[in-house]
Amino acid sequence: MKGLQLVPPGERLSVLCLGAHADDIEIGVGGTLLGLIERGGPLDVHWCVLSGAESREREARASAAEFLSGASTARIEVMKFSDGFFPEQGELIKSWFEDLKGRVQPDLIFTHRGDDAHQDHRELSRLAWNTFRDHVILEYEIPKWDGDMGRPNLYVPISEKTLRRKIALLLSHFGSQRSKQWFDAETFSGMARLRGMECRAPERYAEAFCARKLTLV
């Protein structure tokens, strides 16, 4: 299958990453971002985590800073909306989105899958589409005990080296999550291997996304 490039080699790319919780962006799109940085093109990233208090905020900021250490520019925002209650805070989060829209004009947006089993994820995805109506939006996936793995339609192959770095950073920065049964290297590598199999990735691993609307030129 012929692969499509986001941008020609060397061209600048502006990316907005949206995550409901401190580790969401890293899990869903961390390998893709590391891969973009490794290719050497100028990458500007605005990284927004909408819930994070005290230790979780510290984890989020430290992790984002290391994931984006090779980016051309990196801006990190951690908000304090209440974890688990995003639908009930919809008006406040919508106001935040409207402010964000006035500050960023990304080429590409990463956010949660619209039919994700977690209510916070669904609300964030809904408001991303509601706010950014003329942008390329790719929806990433998060493994969880709910068993809501989707059927993606867009794949980004990643190298084994990149996957290992992604997993190492996740395990290093998110000590608060290590006690969770699903938060381990086998889960993350297993997901990447499955998605890599589906797209016949050259090095066997990939991250997968839902692309609702794209334009080919």
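A pocket is an open set of grid points with protein on both sides within 12 Å along at least five of seven lines, and its lining residues have an atom within 4 Å of a point. With that idea in hand, welcome to a short tour of this predicted model. The largest pocket has a lining of 44 residues, and the structure also holds 1 cavity of 30 Å³ or more. We will visit these spaces and then turn to helix H2, residues 55-67.

**The largest pocket**
- Its volume comes to about 1700 Å³.
- If you want to find the centre of the largest pocket, look for Gly3, Leu4, Gln5, Leu6 and Leu154, the lining residues nearest to that point.
- Several elements each give at least two residues to this lining: helices H1 and H6, along with strands S4 (108-112), S5 (136-140) and S6 (154-158).
- Strand S6 makes the largest contribution to the lining of the largest pocket, with 4 residues.
- Sorted by class, this lining has 25 nonpolar, 9 polar and 10 charged residues.

**The second largest pocket**
- This pocket holds about 340 Å³ of space.
- Among its 16 lining residues, His21, His118, His121, Lys180 and Trp182 lie nearest the centre.
- The lining of the second largest pocket divides into 7 charged, 5 nonpolar and 4 polar residues.

- The largest cavity contains about 100 Å³ of space.
- Two or more of the lining residues come from each of H1, helix H6 (185-199) and strand S7 (205-210).
- Helix H6 gives the largest share of the cavity lining, 4 residues.
- By class, the cavity lining is made up of 6 nonpolar, 4 charged and 1 polar residue.

**Helix H2**
- How far apart are the end C-alpha atoms of H2? They are 18 Å apart, which agrees with the 18 Å that 13 residues should span at 1.5 Å a residue.
- The buried residues of H2 are Arg56, Glu57, Glu59, Ala60, Ser63, Ala64 and Phe67.
- What do the buried residues of H2 pack against? Their partners are helices H1 (24-38) and H5 (160-173), plus strands S2 (43-49) and S3 (73-78).

Methods:
Residues are numbered from 1 along each chain as its sequence is written. This is a predicted model: local features need pLDDT of at least 70, side-chain atom pairs count only at pLDDT 80 or more; totals for chains, interfaces and linings use all residues. Side-chain values use heavy atoms; hydrogens and water are left out. The expected span of a helix is 1.5 Å times one less than its number of residues. Buried means under 20% relative accessible area, exposed over 50%, partly exposed in between (1.4 Å probe, protein chains only). Contact means heavy atoms within 4.5 Å. On a 1 Å grid over the protein atoms alone, a cavity is a set of points where a 1.4 Å probe fits but cannot get out, and a pocket is an open set with protein on both sides within 12 Å along at least five of seven lines; lining residues have an atom within 4 Å of a point. Grid points are joined across faces, edges and corners, and a volume is the space filled by probe spheres set on the points. Ala, Val, Leu, Ile, Met, Phe, Trp, Tyr, Cys and Pro count as nonpolar, Asp, Glu, Lys and Arg as charged, and the others, Gly among them, as polar.
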